[in-house]
Amino acid sequence: MKYLCALIFLVIFTTAVYADTGGVYRADSIKHVVADTDTVLRKRSISIGANYGSDVLFFGRTGPIKYPFLSTDVVYNSKTGFFVYGSAVQVIGYSPVVDELDLGAGYLFKYSKKLSGTVSYSRFIFDDDAVLVIKSASSNDIDFKNSYDWKFAKSSVTMDYLFGKSSDFFATFSTSKYIETNFGIFDDKDYLSFTPTVSAIFGTQNFVQKFSIDHQYRLDLDNIYVPGEGMPPSFRYDNGRFNILNYSFKLPIAYNRPHYTFEASWKYSIPVNVEGAIKNRHEVFFNLSFFYLFF
């Protein structure tokens, strides 16, 4: 019952923020609480969270319009390593109370003390009246991640297969360094942590072409849509080619206590090989998150 009450509190919190701001949405793409799946614990627990993001970033790409968002997340972890999760997302400034609902399940496994991994499936459900963010070109994600702890740093390789209106494959390579203070901030039960991370994303970008088709009239009026030769418009870009898509540097700073964490993070994103209607540029993304863990 206490878990249900906590979940209800999060829903009320999101609705209240919506009433104050006139709308709401989330930031760093598709994984929310399980964005770093190393945080999934190999014990029975429930994690709930709330997140603000300055713009929707989807595998190194953003839409032509900036969409800040709010989201709430719930993750249940079993002792065996299985976990299920759900997330409700709201784009700031638009009418639906929930623009997007994400549901998923997965399994956490350890090959050794240094090598671990997860496999998961996610389903993205969009409201009929929701604003069409670039992520809406895909509705399913199969994710497989392996991480290796070098002691001085941790490296991971994540492979994603997304399918729906378009199909794409991505490989994300990341290296991070976890640092925490050896002193308390207010007492001996809290501390600060820093996790600078460098990432590179490779993949196809058929979702860009699908997004362009879905938005061609509006984008054309905004001088954003770039048609090719002939009618209906064709594309001069090979979006199905596997290529480097993005480099990024992320700096999360977190205040931690035994059951909860406040985190602020900044990500500097460098998109490359940008094709089609999505005219991305270097951009700084900001996220503010709160997570509470019951165990």
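Predicted model: local features only at pLDDT ≥ 70, side-chain atom pairs only at ≥ 80, totals over all residues.
Q: Why is Gly81 called buried?
A: Buried means under 20% relative accessible area. Gly81 has 2% relative accessibility, so Gly81 counts as buried.

Q: Where is Gly81 placed?
A: Gly81 sits in the loop between strand S2 (69–77) and strand S3 (82–91). Its C-alpha atom is separated by 9.4 Å from that of Lys110. Along the chain, Gly81 and Lys110 are 29 residues apart.

Q: Why is Phe173 called partly exposed?
A: Buried means under 20% and exposed means over 50%, with partly exposed in between. Phe173 stands at 39% relative accessibility, so Phe173 counts as partly exposed. This residue lies in strand S8.

Q: What makes the nonpolar surface patch?
A: Patch residues need over 30% relative accessible area. Phe173, at 39%, passes that cut-off. The patch covers about 680 Å². Its residues are Tyr121, Ile142, Val157, Met159, Tyr161, Phe169, Phe173 and Phe242.

Q: Which strand supplies the largest share of the nonpolar patch?
A: Strand S7 does, with three residues. S7 (154–164) and S8 (168–176) each supply at least two.

Q: What makes up the largest nonpolar core?
A: A nonpolar core is a set of buried residues joined through side-chain atoms within 4.5 Å. The largest one here has ten residues: Phe58, Phe59, Phe124, Ala137, Leu162, Phe170, Ile201, Phe207, Val208 and Leu245.

Definitions and conventions
Residues numbered from 1 in each chain as written. Heavy atoms only, no water. Patch = residues over 30% accessible without salt bridge, like charges linked within 9 Å, V, L, I, M, F, W, Y side chains within 5 Å. Areas by Shrake-Rupley, 256 points an atom, 1.4 Å probe, with all protein chains shown as cover. Salt bridge = Lys/Arg side-chain N within 4 Å of Asp/Glu carboxyl O. Helix = DSSP H or I, 4+ residues; strand = E, 2+ residues; numbered from the N terminus. Buried < 20%, exposed > 50% of the residue type's maximum accessible area, 1.4 Å probe, protein only.
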